[in-house]
Amino acid sequence: MTSNAKPAAVDLAAEESRKTAKRDALMAIEKQWQGDWEHRGVFEVDMPSDDSVAPEDLHDKHPKWMGTFPFPYMNGVLHLGHAFSVSKIEFAAGWERLQGKRALFPFGFHVTGMPIKAAADKIARELEMFGPEFAVPEELETQLSELSVDAPKAGGTFRGKKTKVAAKTGNKKYQFQIMQDQGMSNAEIAKFAHAEHWLEHYPPIAISDLKAMGCKIDWRRAFLTTDHNPYYDSFAQWQFNRLREMDKIKFGKRYTIWSAKDGQPCMDHDRQSGEGVGAQEYTCIKMQVLNWSEAAQAVAGSIPELKGKKVFM
């Protein structure tokens, strides 16, 4: 008696292949043309080199358009929210190209601020606590409690109680656990104890994802913020110095959260913990003690520093 298991498996694989055949064919065409665009530099936009046109007529003969996207922060991979937002300028860039304009779409990656440094410090501290294999002692193996969700409002809208940090990290307590969920080995995670490694790891992944999306970006004009890119850094310095010379920016005072450890203000997304905590106003009432009980007078009389002084509460 022969078994039908093998033919059935073959038939199942063939059926699955038939189901995705159209999708696979379209994706192959997509990859083919994306490779062709990159090879020919289709989205690379330069200044016109038409010397026969007077400067005042240059824009009429060679119309231009430029769009930018808010720099995504590079403490992780791009997500669906980025794709939704970038699709708007991506479609706009394509439309302007169809109108015959030199459509320039540069792209930057945000690496300033404290979130990357804070995450790197977490990895460094966890290496000290648990070693290179991140072996958490059994007594510290605690799961975060499930964050409750409010009942739906009218219209079926739900409001979660998770902060932005909780929404990103789920129920993971330690930074190394978050990165293990991304498929990283412990040896690779250890490299993230140095803030510079974040700048080297995540931007190339973002570029690959944006290319796969077919974005019409001139990648010659991609950059990182901070002095990691001296051209961007010098431009930012020039811009702020110029604005200050024009009396457009001034120093002022405002209430803020101060980090005693770092010796500087610590904004909401810069903190390792305490997101959503704002400056809180207090009213202090100063009251002079006018009438003393006999017991209090006896104590006050025994303290030389209080002799002849007013006492306030």
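The residues that line the second largest pocket divide into 7 nonpolar, 4 polar and 4 charged, where Ala, Val, Leu, Ile, Met, Phe, Trp, Tyr, Cys and Pro count as nonpolar, Asp, Glu, Lys and Arg as charged, and the others, Gly among them, as polar. This is a predicted model, in which local features need pLDDT of at least 70 and side-chain atom pairs count only at pLDDT 80 or more, while totals for chains, interfaces and linings use all residues. Residues are numbered from 1 along each chain as its sequence is written, and side-chain values use heavy atoms, with hydrogens and water left out.

The lining of this second largest pocket is made of 15 residues, and W37, E38, F43, K211 and W219 are those that lie nearest the centre. Two elements, α1 (5–40) and α8 (195–212), each give two or more residues to that lining, and the largest share, 4 residues, comes from α1. The volume of the pocket is about 260 Å³, a volume being the space filled by probe spheres set on grid points that are joined across faces, edges and corners. A pocket, on a 1 Å grid over the protein atoms alone, is an open set of points where a 1.4 Å probe fits, with protein on both sides within 12 Å along at least five of seven lines, and lining residues have an atom within 4 Å of a point. Rolling a probe the size of a water molecule over the atoms shows where empty space is left.

W37, one of the residues nearest the pocket centre, is found in helix α1, and Q34 has its place in that helix as well. Helices (H or I, at least four residues) and strands (E, at least two) are DSSP runs, numbered from the N terminus. With 30% relative accessibility W37 counts as partly exposed, whereas Q34, at 13%, counts as buried; buried means under 20% relative accessible area, exposed over 50%, and partly exposed in between, with a 1.4 Å probe and protein chains only. Leaving aside residues up to four places away in sequence, W37 touches V42, F43 and G214, contact meaning heavy atoms within 4.5 Å. W37 and G214 are 177 residues apart in sequence, yet their C-alpha atoms are 9.3 Å apart in space. Q34, with its neighbours within four places in sequence left out, is in contact with K211, A212, M213 and G214.

F134 is found in the loop between α4 (115–130) and α5, where it is buried because its relative accessibility is 5%, and its phi is near 50°, a positive value in a residue other than glycine. D247, in the loop between α9 (230–245) and β5 (258–259), likewise is not a glycine and has a positive phi of about 60°. Y174 lies in the loop between α5 (164–169) and α6 (175–180) and counts as buried at 11% relative accessibility; from C-alpha to C-alpha, Y174 and A119 are 10.0 Å apart in space and 55 residues apart in sequence.

Turning to the cysteines, C215 is buried, with a relative accessible area of 5%, and C266 counts as buried at 11% relative accessibility. The count of disulfides comes to 0, a disulfide being a pair of cysteine sulfur atoms within 2.5 Å.

Over the whole protein chain there are 10 helices and 6 strands, and buried residues make up 26% of the 313 residues. Among contacts between residues at least 6 apart in sequence, 66% join residues at least 24 apart. The accessible surface of the chain comes to about 23,100 Å², of which 56% belongs to carbon and sulfur atoms, with areas from the Shrake-Rupley method and a 1.4 Å probe, and for residues only the protein chains shown counting as cover.
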